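Okay everyone, thanks for coming.

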Amino acid sequence: MRKFFVRSAVLAIALVVSGCVSPPASLPPQPVAVPRPVPLPPSPVVPQSLDWRDWAVTPGDWSYRTDATGSVAAFGRSGGSALLTLRCDRGANIVSLSRPGASAAPLLVRTSSLARTLTARAADAAQATVALEPRDPLLDAMAFSRGRFLVEQAGATTLVVPAWAEIGRVVEDCRR
């Protein structure tokens with residue numbers, strides 16, 4: 001029995017000693033591979049539809065005001081200069097359509113029911129203007145176009161303008 005006791009004691013000591021082994025020396029930290037950002041491919045260019053009625057509307061809003069000669073509807077961004085202006089001159093009995101630019105190039109106006117090229121004149125160094133009779137069917141077509149109309153001029157940005165009530169108000173002011 002004594003042998004058994006000695007063997008058990010030796011075995012117990014061996015187990016205790018084996019548990020006292022120091023942990024292995026720590027290895028230097030391995031560099032972590034950081035994934036490189038993959039550049040995103042450029043956004044695909046969405047071709048503009050051939051039908052201008054599908055184009056995005058030019059950013060901006062219409063505003064309306066009266067002045068000494070009649071009334072004015074101006075389209076553009078708030079706080080910025082007007083991109084398109086309709087003015088009723090009651091004394092001259094005309095409605096003028098103006099846009100920035102000194103170009104006398106013709107203006108093409110397209111509505112959902114009518115398209116017409118108009119002869120512009122450089123009113124001053126800052127405006128190209130077209131004069132229309134108050135009863136011109138183009139004015140009604142602009143006022144009642146299905147949601148928008150288009151104004152194009154060589155050398156200038158094409159405008160896709162919403163057909164809001166301000167257009168009709170200016171036209172009606174000149175028809176009285």
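Let's start with a pair of residues: Val 151 has Leu 159, in β10, as its bridge partner. Before I go on, this is a predicted model, where local features need pLDDT of at least 70 and side-chain atom pairs count only at pLDDT 80 or more, while totals for chains, interfaces and linings use all residues. Residues are numbered from 1 along each chain as its sequence is written, and side-chain values use heavy atoms, with hydrogens and water left out.

Back to the strands, which are DSSP runs of E with at least two residues, numbered from the N terminus. β9, residues 148-153, pairs with β10 in the antiparallel sense over four bridges; to count as a pair, two strands need at least two DSSP bridges between them. Zooming out, there's an open sheet of four strands, in the order β6-β5-β9-β10, with antiparallel pairing. At its edges sit β6 (115-118) and β10 (159-162), each pairing on one side only.

Now, charges. Side chains of opposite charge can pair when their charged atoms come close. For a salt bridge, we ask for a side-chain nitrogen of Lys or Arg within 4 Å of a carboxyl oxygen of Asp or Glu. How many salt bridges does that rule give? The count is seven.

Buried or exposed? For us, buried means under 20% relative accessible area, exposed means over 50%, and partly exposed is in between, using a 1.4 Å probe and protein chains only. Asp 136 is buried because its relative accessible area is 13%, and Arg 116 counts as partly exposed because it has 26%.

Next, Asp 173. Its salt bridge partner is Arg 176, with the closest N and O atoms 3.9 Å apart. Arg 176 is at 77% relative accessibility, so it's exposed, whereas Asp 173 is at 6%, so it's buried.

Which side chain makes a polar contact with that of Asp 173? The side chain of Ser 71 does, at 2.6 Å; a polar contact is a pair of N or O atoms within 3.5 Å, and within protein one must be able to donate a hydrogen and the other to accept it, with sequence-adjacent residues counting only if both atoms are side-chain atoms. Ser 71 sits in strand β2, residues 70-76, and at 0% relative accessibility it counts as buried.
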